[in-house]
Amino acid sequence: MRIFIKNGRLVDPSQKIDDICDVLIEDEKIKEIQIPKARGKGQGAKEKREHEPQGFDEVIDAGGMLVLPGLVDMHVHLREPGFEYKETIKTGTEASVRGGITSVCCMPNTNPVNDNPGITEFIIKKAVQEGSCSVFPIGAITKGQRGEELAELGMMFDAGCVAFSDDGKPVMDSLVMRRALEYSRIRKALIISHAEDMSLSAGGVMNEGLLSVTLGLRGVPSQAEEVMIARDIALAELTRGRLHIAHVSTKGAVELVRLAKKRGIADITAETCPHYFSITEAAVAGYNTNAKVNPPLRRKEDLEAIKAGLNDNTIDVIATDHAPHHKDEKLGEFDLAPSGISGFETSIGLSMKLVDEGFLTLNQLIEKMAVNPSRILGIRKGTLMQGSDADLVILDTHVEYTVDTASFRSKGKNSPFEGWKLNTRPFATISKGRIYTWD
Amino acid sequence: MSLRSKDLTGIKDLSAEEIGLILETAAGFKDVLGRDIKKVPALRGRTTVNLFYEPSTRTRTSFEVAAKRLSTDVINIAISTSSVVKGETLLDTAKTVLALGADIIVIRHNCSGTPHFLAKNINASVVNAGDGTNEHPTQALLDLFTINERKGRIKDLEIAIVGDILHSRVAKSDIYALLKLGAKIRLIGPPALVPDCLKDLGVRIYTDMNAGLDGADVIMMLRIQLERQGKGFFPSTHEYFRNWGLTAARVARAKEDAIIMHPGPMNRGIEIASEVADSSRSVILDQVTNGIAVRMAVLYLVSGVQG
């Protein structure tokens, strides 16, 4: 199939292109990028030679819209195998594509846990058959995510895992975490830390502070996250392993990562999620279970610090931590509701606000949502370089719409952003050789 | 005047005027309780369901007596954890109760926010009889009623609340109610149980019991929940009593006419000495009696909104 995308503003930080370009796609690869007017300077682009394209199966007019590398989301939960009532690889990737995301990394807290190459192979095979986008599994660090013994990291890596994490839980035992960071060096594999000192979070369900006290909910102090990040930075320094901090949510955490990067003591990267720079703990008021997430939503000063950390590139990546749950699970007691936000279908809309508000340049945003995660994971995504996979999103940045969770492709309707007014969403996504558009 | 909501989920949601209305109405019902025939037909034909997910004797009994004095039918449902094990959700249970004809659901639950969830999702009036560590609004209302009875006012009184504020739904409701009516509050207890952030509400915090009790008009003691022990909030009940137990010597720090309150059940010798609990300054049994009048007022007023 040959696809021609014309007149869009193509922004690809990997090639330093930001110009009105045409894109030629052939056999699921980027064939060529043409700059219609002779004013482009991008190294990968050629001046357009012909007037109108001929012989294409599809021609898309992207005039007035952005043409970007497909987004890469390095922190998601697809729930399969084991929790298909919450989400499946099929529904999850349909939702991700709706959000302009063409590559996802799925966390291993499935049932059974992805802690051996058999499960890794199952996920990859299922994703090839049923997935609308590319799926890269993340393996468990420890067997059963119990934090006790290392899982078969090498064999899982060879089977296709791109990183390792016990996400949902920390590796509480410092020696086990040390061994993981040491062992992962064999294949230069990435260890992703769910930074939470469970003895400090102590069963908490929201951020600790006046609001948690007056709602009568157990609080999780910021320090539960920060002491663990400090430990993991120290262990990364000791072991020279590659460390990535998942879902940074606090001001202190941003400062720790910033300091570690400045001192150059460890190979460390960090991510945050749209909810941590969009809303605060105030969203929990009224016992809103859709605002229950781990780590919990924090205070305004944390939100501001996250934005500043994105701005100065302390935080490398924006990931969704897409965590779909069944309606019945969120409809009840706050204490008993599972943590998590269904994030695929609001991510780009919320993140683009950072560009609109001047916290990030468009280039930075694409780096954090496509280029950087690809680099950190060592996958050949996040670029529209000639010959690369034709993973691409055409973004309409002038569409006024109201977030309607009922219309989510994801099975998980659990979002605190219901009713929000946003102005950016994909007009079309191209993934695995298919063009996805929506009414 | 009437209440704005069909539910009483917490003191946080009430205005000072609404609190005044409940207390006034309760005063009327207290007169009724002093008569030979202690019953009024106000809510005849209505059904009150006490839906209790936590064991409770005094609060449940108090609500039951209150409902019966108003001539409503009363059904007590004590949900043991076994039905939770069977897998019925809270909402399903509430809908079942509703289908049985409940007009008012009085709920106690170990999870904070449960009454709010029910109030949003069902049409019956929901009255909070204690939710997790959030609120216990009728207890606060009966405390106000009792203070007012003894002191003739709430405004500008110096009220000392002693103990586990963090986990006490009674203390939370008392704090909100007393602040709304203009009292001055000191919170006294070990730091882990009296979070500093509460200062933002406009209260003073003391770890030193003697300093905190200085010149107090009212001393409200809280029950120390023994399950907190061993979780590091304080080293032992023995040490707790040494620091925060209410003894006669400590009572002497308060004003001469200070009254002593406790929501019950008391742990004698842990948070309060027997000599103090049984002294003439103790209004602990008045609290129990007033609880019936206050709960009658609450059931009556929320029914009015529903009507």
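A crossing is left-handed if the near helix is turned anticlockwise from the far one by less than a right angle, and right-handed if clockwise. Keep that in mind for two of the stops below.

Some housekeeping: this is a predicted model, in which local features need pLDDT of at least 70 and side-chain atom pairs count only at pLDDT 80 or more, while totals for chains, interfaces and linings use all residues. Residues are numbered from 1 along each chain as its sequence is written, and chains are lettered from A, ligands numbered from 1, in the order in which they are written.

**Stop 1: chain A as a whole**

Select chain A and colour by secondary structure: there are 13 helices and 21 strands (DSSP runs, numbered from the N terminus, with H or I of at least four residues for helices and E of at least two for strands). Its radius of gyration is 21 Å, close to the 22 Å that the globule rule gives for 439 residues, so chain A is as compact as a globular protein of that length. (The radius is taken over C-alpha atoms, and the rule is 2.2 Å times the number of residues to the power 0.38.) Along the principal axes, the C-alpha trace of chain A spans about 65 × 50 × 45 Å.

**Stop 2: the two domains of chain A**

Now give 2-67 + 388-437 one colour for domain 1 and 70-377 another for domain 2; bounds like these come from an automatic or database domain assignment. The C-alpha centres of these two domains of chain A lie 27 Å apart. Where they touch, 28 residues of domain 1 of chain A are in contact with 40 residues of domain 2 of chain A (contact means C-beta atoms, placed from the backbone, within 7 Å). On the domain 1 side, β17 (392-396) and β20 (425-431) of chain A each supply at least two residues, and β20(A) has the largest share, four residues. By class, that side has twelve nonpolar, nine polar and seven charged residues. (Ala, Val, Leu, Ile, Met, Phe, Trp, Tyr, Cys and Pro count as nonpolar, Asp, Glu, Lys and Arg as charged, and the others, Gly among them, as polar.)

**Stop 3: a helix pair in chain A**

Select 347-356 and 362-377 of chain A: these are α12(A) and α13(A), packed at an angle of about 150° with their axes 9 Å apart. α12(A) passes α13(A) in a right-handed crossing. Show side chains for A:S351, A:L354 and A:V355, which meet A:L362, A:L365 and A:M369.

**Stop 4: across to chain B**

Next, look where the chains meet: 16 residues of chain A are in contact with 21 residues of chain B. Helix α6 (residues 210-215) of chain A gives the largest share of the chain A side, four residues.

**Stop 5: inside chain B**

Colour domain 1 (11-136 + 290-306) and domain 2 (138-287) of chain B. Each contributes 21 residues to their contact. Finish with α1(B) and α6(B) (residues 137-151), whose axes come within 10 Å and cross at roughly 65°, which makes α1(B) roughly perpendicular to α6(B). This crossing of α1(B) and α6(B) is right-handed.

Methods:
Contact = placed C-beta atoms within 7 Å. Axes fitted to C-alpha atoms, helices over the stretch in contact; angles between N-to-C directions. Parallel < 35°, antiparallel > 145°, perpendicular 65-115°, else oblique.
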